[in-house]
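Colleague: I am new to this model. Could you take one part of it, look closely, and then walk me out to what surrounds that part?

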Amino acid sequence: MPHGHHHHGPPGDHAYAGLPAETLALAGHWDELLDWVAARAPRARAVVDLGAGTGIAAVGLARRLPAAQVTAVDASDAYDEALMRDADRLGVASRVRTVVADLDGDLQLDTAPDLLFASNCLHHVADPGRVLRGLAGAVTDDGLMCVVEVARPMRFLTADSPAGAAERRAWDLVDTRLRAAMPTHGGDWPRIVADSGWEVVDAHEFTTRVDPGTGGPAVTWATDHLRRVLAATREHLAPDDVALLDDVVDRAGRDPAGVGWDVDGSRIAVLARPARTADTR
């Protein structure tokens, strides 16, 4: 079920100050998603955010769930200092901690969470089914998990324009490589979760729409994406496609409103509980 994009405050507002451009550009998307999750687990007291990265979800859930202790788990400690600085600035540092752990390893949680949150991380692991089955045995009997993954990949330019067509050919190359390296990228996550020891109780698709033509973090984020896809595919694209995308990146820096933007993409949030509880509900 698609959900529209709603922004609960301007990019760069107090909750997101100092975070990367992508986070600022997608602030409304994150607000909508985290509001949805928190509303479905309002009494959560032990929350684990897997693949926490910058900590936007960990800190955001701590703000929305005042009784919860939140553990932010990531394979790297690169964002730990910034994450805890944000938690302190927003008044939740006493209820947030960081743990370095690899989901591909033997993940051991020192407390049984009643809410697991995993955004854009499970498609990176070698065997998502194995990880999910292990997590099903780690949560409380009435615990919930929310898995968030790409449903419809982001596209940035008007589809029926020459530059938009070039962008789609470039993304097709990237998507093919991603699926070869990570077979579950863009996969059927409700089915993957249901096949891995969980009962799916809800699944919502959150559509992301922003306007880079307004400048600021949105155009920085969109232009960075286009630069990366162009760098990854330049040697394999037709010269005309490369020229079209080079021109868009150049114009975006000088006149973002003059680019034919049509940003669109979505992520699916899959809410599930351990299958062992299914017969008792």
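Modeller: Ser266 counts as buried, because its relative accessibility is 3%, under the 20% cut-off. This is a predicted model. Ser266 sits in strand β8, which covers residues 261-274.

Now follow β8 to a helix. The buried residues of α8 (216-233) pack against β8. They also pack against α1 (21-25), β6, α6 and α9. Which residues of α8 are buried? They are Ala218, Val219, Trp221, Ala222, Thr223, His225, Leu226, Val229, Leu230 and Thr233. Several of these numbers are spaced by three or four. An α-helix has 3.6 residues a turn, so residues three or four places apart point the same way.

The part to look at closely is α6. This helix runs over residues 162-181 and has 20 residues. From its first C-alpha to its last it reaches 29 Å, close to the 28 Å expected at 1.5 Å a residue. Its buried residues are Ala163, Gly164, Ala166, Glu167, Ala170, Trp171, Val174 and Asp175. Glu167 and Asp175 are on that list, and both belong to the charged class. What do the buried residues of α6 pack against? They pack against β6 (144-157), α8 and α9 (239-254).

Take the two helix partners in turn. Two packed helices are described by the angle between their axes and the distance between the axes.

Start with α8. The axes of α6 and α8 come within 9 Å and cross at roughly 70°. That angle makes α6 and α8 roughly perpendicular to each other, because 65 to 115 degrees counts as such. Their crossing is left-handed. On the α6 side the contact uses Glu167, Ala170, Trp171, Leu173, Val174 and Arg177. On the α8 side it uses His225, Leu226, Val229, Ala232 and Thr233. By class, this contact has 7 nonpolar, 2 polar and 2 charged residues.

Next comes α9. The axes of α6 and α9 come within 9 Å and cross at roughly 110°. So α6 and α9 are also roughly perpendicular to each other. Here too α6 makes a left-handed crossing, this time past α9. From α6 come Pro162, Ala163, Ala166, Glu167, Arg169 and Ala170. From α9 come Asp241, Leu244, Leu245 and Val248. These residues divide into 7 nonpolar, no polar and 3 charged.

Glu167 and Ala170 take part in the contact with α8. Glu167 and Ala170 also take part in the contact with α9.

Is it buried, partly exposed or exposed? At 29% relative accessibility, Leu173 counts as partly exposed. Beyond its neighbours within four places in sequence, it contacts Thr233, His236 and Leu237. Leu173 and Thr233 are 60 residues apart along the chain, yet their C-alpha atoms are separated by 7.0 Å.

For contrast, turn to another helix pair. The axes of α2 (residues 27-40) and α3 come within 10 Å and cross at roughly 50°. That makes α2 oblique to α3. The crossing of α2 past α3 is right-handed. Trp30, Asp31, Leu34, Asp35, Val37 and Ala38 in α2 meet Ile56, Ala57, Gly60, Leu61 and Arg64 in α3. By class, 7 residues of this contact are nonpolar, 1 is polar and 3 are charged.

Gly60 belongs to α3, residues 56-64. It is buried, with a relative accessible area of 5%. Past its neighbours within four places in sequence, Gly60 contacts Leu34 and Gly55. Between Gly60 and Arg227 there are 167 residues in sequence and 29 Å in space, C-alpha to C-alpha.

Last, a loop. Asn120 lies between β5 (115-119) and α5 (128-136). Its phi is positive, about 55°, although it is not a glycine. Asn120 is partly exposed, with a relative accessible area of 30%.

Conventions
Residues numbered from 1 in each chain as written. Predicted model: local features only at pLDDT ≥ 70, side-chain atom pairs only at ≥ 80, totals over all residues. Heavy atoms only, no water. Helix = DSSP H or I, 4+ residues; strand = E, 2+ residues; numbered from the N terminus. Expected span 1.5 Å × (residues − 1). Buried < 20%, exposed > 50% of the residue type's maximum accessible area, 1.4 Å probe, protein only. Contact = heavy atoms within 4.5 Å. Axes fitted to C-alpha atoms, helices over the stretch in contact; angles between N-to-C directions. Parallel < 35°, antiparallel > 145°, perpendicular 65-115°, else oblique. Left-handed = near helix turned anticlockwise from the far one by under 90°.
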